[in-house]
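The following exercises are to be worked through with the sequence and the model at hand. Each task is followed by a solution in steps.

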Amino acid sequence: LLGTVSFIVGVPMCLVATYIVDTYGLKTGLNCGSLLTVAGGILRAISTLPGLNKSMSLEVQYYLSLVGQALTGIGNPFCVSLPTKVSQNWFSENERQMATSLLAISLPLGIALGQGCTPTFVKKGSDVPLMNIVWLIPAVLTQLLITFSVRSSHPPIPPSMSSKLAKEKKENSFKEYLARMKSIFTNKEYLVLFISIGGAVGYFNVFSTQLTQFMCSRGYDNVSSGIAGSLLLGTGFIGAMASGWFVEKYGYIEEVAKSFYAVAGIMGILIGEFMRLTDSKVWILLFCSLFGVFGFGMYPLGLELSVEVTYPLDESIGTALIFMSGQLQGITMVFISAALEQDLSQKEASHAVCEGAVTPKDHTRFIMFLCCYLTAINVFFILIFKTKFKRSNADKMKQSEIKQGSDAGHQNDAFKIEDATPSPISTSL
């Protein structure tokens, strides 16, 4: 339950987070997400704090940790819904894609940092109190940074025409929020993104959380699974930067997104195929790296596409709902995994190196299900999705109107000057 409670509470909180961010703005959303994370971290630290933990029963410690984990899960949707909102409201149209890429990739980079650093100082159960204290520090520093540096939800001057127009048209009321939600779920283009990108997020969630079980059952130790997980996440930074730079410079966001999505799907299928074999560590690490590059390279593009097709609705709504879709699909896959796993044969069990509470199982049927699922959502996205560049068109249309108005003003000034200039005949007279 400790490992899944944040996923479970995160699903309904996506709807709450979108309403709060949509109604009260970026600053309030940031503070809500950060404060909940700090509160969750404090509870987890108290549950294992040396000296204090001896005066508590194991049951009390467990429930403190559980509530703390739930609070961080509640705060998560506030933070993951903000990348497109920040880029739309604080960056010009020539900078938005790179800003979204940097912000969207910060979450997996944080996860990779946690997975990579934690094993270096947590060697045994008695090191858990230190872990809870160490990872509370970044949460507190983040809250301090937000408190003293985030002064407003919007810049004094909107950076783009689409940002200015969306702000002018927006009405903050619960009735209007429900109307916007209805508009989202009746938008065919967005629903394709909701299913396909949410499916990719769900695949990543279930794959990364069960990576150790998959690999130890086939003879790969915890060090190997840790490296694979870190490569899966860490190389995403390269892909996000590359895709963001290319789209920002040359355009073709839909074509690049579909290409990255397709390659990521192929890499995911290859990971599954080699994960079923022993002595394939190099191939698994290679395909995990490539999946990270192309999978996370596509993710910020998908978020930007969601803003394009849902404009002028608040950017955070589409982003948060995609995250919610990923959580729902990931939770569903966890149950499917439990239903499809089988016992290993005697020969296969001899290769297993699972430790602790992890029981080696044959995950072949579930891995095959994941491969089929990746294929299905790839075909669905590539063939069905067609972009309507509503936001970009709004930027161009308004700029065109301003230019036409400026040209007309120059012409009128020219006519006035011409009318005011005396003719040679009148001068001579």
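**Exercise 1. A helix pair**

Within what distance do the axes of helix α12 (residues 222-234) and helix α15 (residues 281-310) come, and at roughly what angle do they cross? Classify the arrangement and identify the residues that form the contact.

*Solution.* The model is a predicted one.

Step 1. The axes of α12 and α15 come within 7 Å, and they cross at roughly 25°.

Step 2. Angles under 35 degrees count as roughly parallel; α12 and α15 are therefore roughly parallel to each other.

Step 3. The handedness of this crossing between α12 and α15 is right-handed.

Step 4. On the α12 side, the contact involves S224, I227, A228, L231, L232 and L233. Their counterparts in α15 are K281, L285, C288, S289, F291, G292 and F296. Sorted by class, the contact comprises 9 nonpolar, 3 polar and 1 charged residues.

**Exercise 2. Burial of a helix and of a glutamate**

State how many residues of helix α4 (residues 83-90) are buried, and decide whether E189 counts as buried or exposed.

*Solution.* 

Step 1. Helix α4 is mostly covered, with 7 of its 8 residues buried. The buried residues of α4 are P83, T84, K85, V86, S87, Q88 and N89.

Step 2. E189 is located in helix α10 (residues 188-209). Buried means under 20% relative accessible area; E189 has 18% relative accessibility and therefore counts as buried.

Step 3. Residues up to four places away in sequence being excluded, E189 touches V309, F385, K386 and K388.

**Exercise 3. The chain as a whole**

How many helices and strands does the chain contain, and what percentage of its residues is buried?

*Solution.* 

Step 1. The chain contains 20 helices and 0 strands.

Step 2. Of its 429 residues, 46% are buried.

Step 3. Among contacts with a separation of 6 or more, 83% join residues 24 or more positions apart.

Key. Residues numbered from 1 in each chain as written. Predicted model: local features only at pLDDT ≥ 70, side-chain atom pairs only at ≥ 80, totals over all residues. Heavy atoms only, no water. Axes fitted to C-alpha atoms, helices over the stretch in contact; angles between N-to-C directions. Helix = DSSP H or I, 4+ residues; strand = E, 2+ residues; numbered from the N terminus. Parallel < 35°, antiparallel > 145°, perpendicular 65-115°, else oblique. Left-handed = near helix turned anticlockwise from the far one by under 90°. Contact = heavy atoms within 4.5 Å. Nonpolar A, V, L, I, M, F, W, Y, C, P; charged D, E, K, R; others polar. Buried < 20%, exposed > 50% of the residue type's maximum accessible area, 1.4 Å probe, protein only.
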